[in-house]
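Morning, everyone. I have one structure to show you today. Let me put it on the screen.

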Amino acid sequence: MAIPKPNELSKIDYTPPQKGWMDTLPVEIKPGMFCHAGKAKSLQTVGFPNPRAWAIKDDDWKLPENWKEIVLEGIKERLAKYRSFQLFMDICVRCGACADKCHYFIGGGDPKNMPVLRAELLRSVYRKYFTASGKVLGKLAGGRELTYDALKELWYYAYQCTECRRCSLFCPYGIDTAEITIIARELLNLLGLNTDWISGPVANCYMTGNHLGLRPHTIKDTFDMFVTDIEAATGIKVAPTFNRKGAEILYVVPSGDFFDERGSYTTMGTLLLLHELGLDYTWSTYASEGGDFGFFTSNEMAKRLHTKIYAEAKRLKVKWIMGGECGHMWRVWHQYHNTWFGPMDNLEEPVSPITGTKFENTKSNKTVHIVEFTADLIRHGKLKLDPSRNDARIISFHDSCNTSRGMGMLEEPRYIINNVCNNFHEMPANTIREQTFCCGSGSGLNASENTELRMRGGLPRANAFRHVNKKFGVNTLSCICAIDRAALQPLLDYWVPGIRITGLHELVGNALILKGEKERTTDLRGDPLPGKEGN
Amino acid sequence: MNFGLSFWVSVFIVAALILLALVGVEGAKMHSLFGVIVPYAAFLVFGIGVIARVLKWGRSPVPFRIPTTGGQEYSLPWIKTNKYDNPSTTFGVIVRMALEVFAFRSLFRNTKVELREGPQLAYGSSKWLWIGSLAFHYSFLIVLLRHLRFFTEPQPFFVTIIESLDGFLQIGAPVLYLTGIALLGGVTYLLIRRISIPQVRYISLAADYFPLVLILCIGVTGILMRYFYKVDIVGIKTLTLGLAHLNPKVPEGIGVLFYIHLFLVSVLFAYFPFSKLTHMAGVFLSPTRNLANNNRMKMHVNPWNYPVKMHTYEEYEDENRDVMIEAGLPVDKKE
């Protein structure tokens, strides 16, 4: 389906309709704004409820007869399990500070994409069934019947939130729409209401260890290609190992880094770095996914998918785990894993074997981010770098939502960029660091059928980039998230064509001077290095 | 619910409340009801209601450590940490919460987006909501503290200090209190803002207009009593001191305006625990603000954590052994 041209798409009307928001049902489910329904087979693989063939455009979503009861029971259960949910249902004052912080509202103007109103879709049901005033006064107290149409509306907007938490930063009470979306999606999954782009990868990940469903020999083959390409560019033959017992470190990345074009270059950069260091580490074909699409279905599924990493670390008897460049993987790793699986007594407190640095900030969870690891290497002068090899690239950096607002890793990537590149320009202050804008495709929304939604949601990010593109000639956007690497390219192709997206360790791999390397004439992509164009 | 209905229902209810007090006191002479019973009842409902609400929140556990991080985390020793927007220690959390509660830190960040031709998005600083909210909340607090003079004898020293600071302009007799004006100004701003900004109007419920209209009327009746239609201040103090000492007396001749004021305040107190006004207590419990960002350093315990079904390595190897052996990958069982 063709989406409107950028100049059409950017005509956005922020004026809300005359009709009150409770009176606009049924919701118009617009093409280009939603993902296809999840397949029965995917649900069966992981034992999710109500597997069946259904389509969003059908009137009948084939719900269990007692669907309403299931949702209300689900709400009740979660109110008792999550203080965040109970509190966020009660204390919103509707000040509207969050309204124009959401990338979907900015890029689309749909009032129900104001985080406050998206949350009110669920809150109104909460009030109707769980508060005295809502039970008695109904609509007057902001309560709303849970009807089939209200449920469809909830589904539609629960998949127009990327859980980026930008609104939460600005909320005077810290109300986190991500938390509300997470719960809303859990409730919807109780009825088998999900999307194929999420439940497919979940099923894959459960069975094969990664979202893409890559089997062990395929992963090995992919790496063989990396090895060949790296040798062609550098003359160095790296020798990654897999599922190797007794390695010091287990290294886990999002599986996009095995497959996605830009992700592959990031992996190649990482392979070079870890080879140069002589690090005693292993990949795993079983724990072959750091990302966790389970997080976009239910808390339990998120945990089920991630258990394998710790089981694998135990089986291989590694000392600690290192994780690659990924966004939600790090939100989950940083804020959830230790609670799910801790204490990690079978692992050791991570120490960099190269610099001796103790990673105090992860002494309990024993999981180091590769960006932390590399920043520490550079700080200790352990890497020989030639930043001029990246001189063709005028770079800006996109902070991933999750590492910014669910972690706070802001300086480390900038420190690395400043050491491996000579031309770095920040995008405007209101669009980076903790205020960064989502790529518009996070939380499992990076499908193709919802491209209009993604282009709209990515408008604030693309627009900030265009600013530095015009001002400083920035031609490269670097990032530390697999979804970003996949999603920012089509986003910028649409809004600001001709831009290269790179992972951070691709830039590291380019700049790294290796022992015994041949004269480097190309970067990892095979493009000529500056000054070597004639070769 | 559209704007007209939500707003006018709120105005109508407050008007009815005023009328109720007026008729009850002037017509039915129910001074004791409006002067003693309703205030006591309202105070009880407020106290018990807020405690019950906080206990209810407290009963739900905090399964995960999910702070929204607003700056650089604690990581490598040479990287400067933003200790208060992204605290890793309890002290940092206390400062973060203090900034949130006393200075509305998050609201201070507020920006306003503007879409220009191009398209070009611009983000302007937008501090009006922050200023208006601060003016409203702080003046309300000071007005409340000033009212302690009605419930204490002699009045505490800090009330005297507040009074003299509040009236330092020395305009008029009785002296004009700045916070009275600021409170009315603040609440009026919040109301006008709610009505005039289309998006905010669109999200507003009756539950948003009602407290604003109520507080506006409380402020207006208070100011009318103090500066315009004088009431029997000695009589009022007899009544309020009696209330405070659980020995209520209802003197004759206090103007009806006082009873209306007191009734509206009672309604506000009684309404408080059942409404969004509980954000006052709730903000302290917000898990995105009151937790340290240190889950990789210190395990956060989820009381309902439970083991989950997983796809084990053994199953995985069983399904893939052939291709693993063929690809030269290590396996635990050869067949």
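**Chain B, then the interface**

Start with burial in chain B: of its 335 residues, 34% count as buried. Keep in mind that this is a predicted model.

What is chain B built from? Its secondary structure comes to 13 helices and two strands. Now the overall form. The radius of gyration of chain B is 28 Å. For 335 residues the globule rule gives 20 Å, and the value for chain B is well over that. So chain B is more spread out than a compact globule.

Along its principal axes, the C-alpha trace of chain B covers about 100 × 50 × 45 Å.

What about contacts inside chain B? Take the contacts between residues at least 6 apart in sequence. Of these, 63% join residues at least 24 apart.

Now bring in chain A. Here 98 residues of chain A are in contact with 84 residues of chain B. Which element of chain A gives the largest share of that side? Helix H15 of chain A, residues 299-316, with eight residues. Sort the side of chain A that touches chain B by class, and you get 42 nonpolar, 29 polar and 27 charged residues.

That's the tour. Over to you for questions.

Key
Residues are numbered from 1 along each chain as its sequence is written. Chains are lettered from A and ligands numbered from 1 in the order in which they are written. This is a predicted model: local features need pLDDT of at least 70, side-chain atom pairs count only at pLDDT 80 or more; totals for chains, interfaces and linings use all residues. Two residues are in contact if their C-beta atoms, placed from the backbone, lie within 7 Å. Helices (H or I, at least four residues) and strands (E, at least two) are DSSP runs, numbered from the N terminus. Ala, Val, Leu, Ile, Met, Phe, Trp, Tyr, Cys and Pro count as nonpolar, Asp, Glu, Lys and Arg as charged, and the others, Gly among them, as polar. The radius of gyration is taken over C-alpha atoms; the globule rule is 2.2 Å times the number of residues to the power 0.38. A residue is buried if 20 or more other C-beta atoms lie within 10 Å of its own, exposed if 12 or fewer, and partly exposed in between; C-beta atoms are placed from the backbone.
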